[in-house]
Amino acid sequence: MWTIHLLYSDNAVVQNVIIETFPGVHTDGIAVDSSRNVRLANDYIDTGDDGIVLKSGKDADGRRVNRPTENVAIVNCTVHRAHGAVTLGSEIAGGIRNVVAANITCRGTDIGVRIKSRRGRGGFVEDVRFNKWTMEDVGEGINVTTDYQMEGETKSAPEPVSERTPVFRNIAISAMTINRAKLAIDVVGLPEKPISGLRISDVIASAKAGLRASFTDALELHDVQINADTGPAFLVQDSKDLELDGVTTRKPLVNQPVIRMERCPDAVLR
């Protein structure tokens, strides 16, 4: 199972650690679970599951315990061949807040930045910053979703907003270089509860496919360059108060728009 698991911990430091568990199943490198004031620094992780992952309890039991993961700094780490280099979720019933992940390198991971949850999990992710990353040969560079399905699960139907509904808000992702991804950026919210206040800035990505986003509220893209093999480079659907500022491509494709917006009221494009 998880290699290093911090549970109900305070003032914990994990640094200068090498973890090599590839290709083991469920061998998360470092799992921070319902803990606070945590620093992860100068670690190398090569694993068959998520490299560094933050959680805070699962579903109804996690809401009963109600202990958030908060005040976490992740700096100067390298992740190889993991599912997600740095992952938040999907078990976030107690909430996750006040997180910084900076100066991260990842190579050959399924996903680089990964923030995931689904209906039934409840909880929240808020006030999070990912900054100064480089990625090579990843499946997806950035993935933010509240519509996550685990292996063997089917897509769930919309339901009224309740304590079962996960909430993502005030997440900033910046200063990233993504090379040779299959999909540069993927953002998927829920129709009943869109992802709110996600800001992506200063990103340069080369990928087979560009940005795909749906069910967001106040999504901001600033100075994002995506050079994709297939288009459109930016596809946004079912999103409101969208702001696109300085989004570009150096590979415009014949008969494909660079930007395509569908059902996006009150969008601003500069």
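The largest nonpolar core of this predicted model comprises 64 residues, a nonpolar core being a set of buried Ala, Val, Leu, Ile, Met, Phe, Trp, Tyr and Cys residues joined through side-chain atoms within 4.5 Å. Buried denotes under 20% relative accessible area, exposed over 50% and partly exposed in between, for a 1.4 Å probe and protein chains only. The residues with the most contacts inside this core are I74, F130, W133 and I173. Strand β14 (residues 167-188) gives the most to the core, with 9 residues; strands (E, at least two residues) and helices (H or I, at least four) are DSSP runs numbered from the N terminus. Residues up to four places away in sequence being excluded, I74 touches L40, I52, L54, V86, V100, A101, A102 and I104, where contact means heavy atoms within 4.5 Å.

Residues are numbered from 1 along each chain as its sequence is written, and side-chain values use heavy atoms, with hydrogens and water left out. Local features need pLDDT of at least 70 and side-chain atom pairs count only at pLDDT 80 or more, whereas totals for chains, interfaces and linings use all residues.

Two buried polar residues were examined. T216 lies in strand β16 (residues 216-217) and counts as buried because its relative accessibility is 2%. Its side chain forms a polar contact of 2.8 Å with that of S239; such a contact is a pair of N or O atoms within 3.5 Å, in which, within protein, one must be able to donate a hydrogen and the other to accept it, and residues adjacent in sequence count only if both atoms are side-chain atoms. S56 is placed in the loop between β7 (52-55) and α1 (59-65) and, at 1% relative accessibility, is likewise buried. A polar atom of the S56 side chain lies 3.4 Å from the backbone oxygen of I92. Beyond four places in sequence, the contacts of S56 include D33, R67 and E91.

On a 1 Å grid over the protein atoms alone, a cavity is a set of points where a 1.4 Å probe fits but cannot get out, and a pocket is an open set with protein on both sides within 12 Å along at least five of seven lines; lining residues have an atom within 4 Å of a point. The search finds 1 cavity of 30 Å³ or more, and the largest cavity has a volume of about 60 Å³. The largest pocket holds about 450 Å³. Of its 20 lining residues, H26, D49, K116, Y148 and M150 are the closest to its centre.

How values were computed:
Grid points are joined across faces, edges and corners, and a volume is the space filled by probe spheres set on the points.
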